[in-house]
Amino acid sequence: MVDREQARPLAPAIERPSSEEDETSLHTKKQAHKKLIKRCACPLIFLLLLAIVIIVLIFTVFRVKDPVITMNGVTITKLELSNTMALRTRSNMSLVADVSVKNPNVASFRYSNTTTSLFYHGVMVGEARGPPGRAKARRTMRMNVTIDVITDRVVSTPGFTMDLGSGLMTMSSFSRVPGQVKILNLIKRHVVVKMNCSTTFNISSQAILEQRCIRKVKL
């Protein structure tokens with residue numbers, strides 16, 4: 001009985017991986033996981049930095065700034081006076097306005113037909129239309145706008161006799177310049193620049209004594 005029990009074969013021993021093998025496998029998996037994270041993170045970081053750079057440029061360099069219109073001066077032409085220093089009703093009178101359009105943007109400012117209206121004591125006595133044009137990036141463009149004055153309206157306006165007696169005449173003008181600023185074909189902004197000016201000049205000498213202008217920009 002004892003011999004039979006001793007003759008039985010022993011069960012095979014189960015081989016278990018050592019702790020060193022476990023640590024090596026775990027380290028390899030961690031390294032592969034880190035490489036995968038780096039591969040995915042690099043494009044995301046690049047896209048994030050690119051988005052930040054674009055946003056900064058939009059709000060700094062590529063930010064659309066207001067074009068500036070300036071009335072540099074007004075010249076009176078074709079003003080005919082009678083011997084009593086009065087305007088002749090059938091005479092022609094013109095005002096030539098020297099206007100500057102300053103474009104502070106990094107892209108050109110294209111504007112369509114400009115309109116300038118002339119008023120005397122609230123009555124429109126003249127109007128002029130200018131051709132379309134383009135103000136280059138960070139440049140100033142100058143142009144002359146000639147307004148033909150309807151003398152009959154000036155003479156028939158209440159307050160003309162008083163102005164004639166003082167020798168001074170004040171007229172107001174309203175200019176409107178619509179246009180568009182386009183940056184890299186991505187950013188397009190429609191801009192309308194408006195300017196109101198009041199000009200006082202001496203009737204006899206035709207010299208400009210005072211001029212005030214107020215600008216408004218609509219984006």
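This is a predicted model: local features need pLDDT of at least 70, side-chain atom pairs count only at pLDDT 80 or more; totals for chains, interfaces and linings use all residues.
Local features here need pLDDT of at least 70 and side-chain atom pairs pLDDT 80 or more, while totals for chains, interfaces and linings use all residues. Residues are numbered from 1 along each chain as its sequence is written, and side-chain values use heavy atoms, with hydrogens and water left out.

There is one disulfide in the structure, a disulfide being a pair of cysteine sulfur atoms within 2.5 Å. It's made by C197 and C213, whose sulfur atoms sit 2.0 Å apart. The two cysteines are 16 residues apart, with C197 in strand β9 (residues 187-202) and C213 in strand β10 (residues 208-218); strands are DSSP runs of E, at least two residues long, numbered from the N terminus. The torsion about the S-S bond is about 110 degrees, so this disulfide is right-handed. C197 is buried at 3% relative accessible area, whereas C213 is partly exposed at 32%. Buried means under 20%, exposed over 50% and partly exposed in between, using a 1.4 Å probe and protein chains only.

The model also has two salt bridges, each a side-chain nitrogen of Lys or Arg within 4 Å of a carboxyl oxygen of Asp or Glu. In one of them, the closest N and O atoms of D98 and R142 are 2.2 Å apart. D98 lies in strand β2 and R142 in strand β7 (residues 139-149), so the pair ties together parts that are 44 residues apart in sequence. R142 is exposed, at 52%. R212 and E210 form a salt bridge too, with closest N and O atoms 2.6 Å apart. Here R212 is partly exposed at 47%, and E210 is partly exposed at 38%.

Technical notes: Helices (H or I, at least four residues) and strands (E, at least two) are DSSP runs, numbered from the N terminus.
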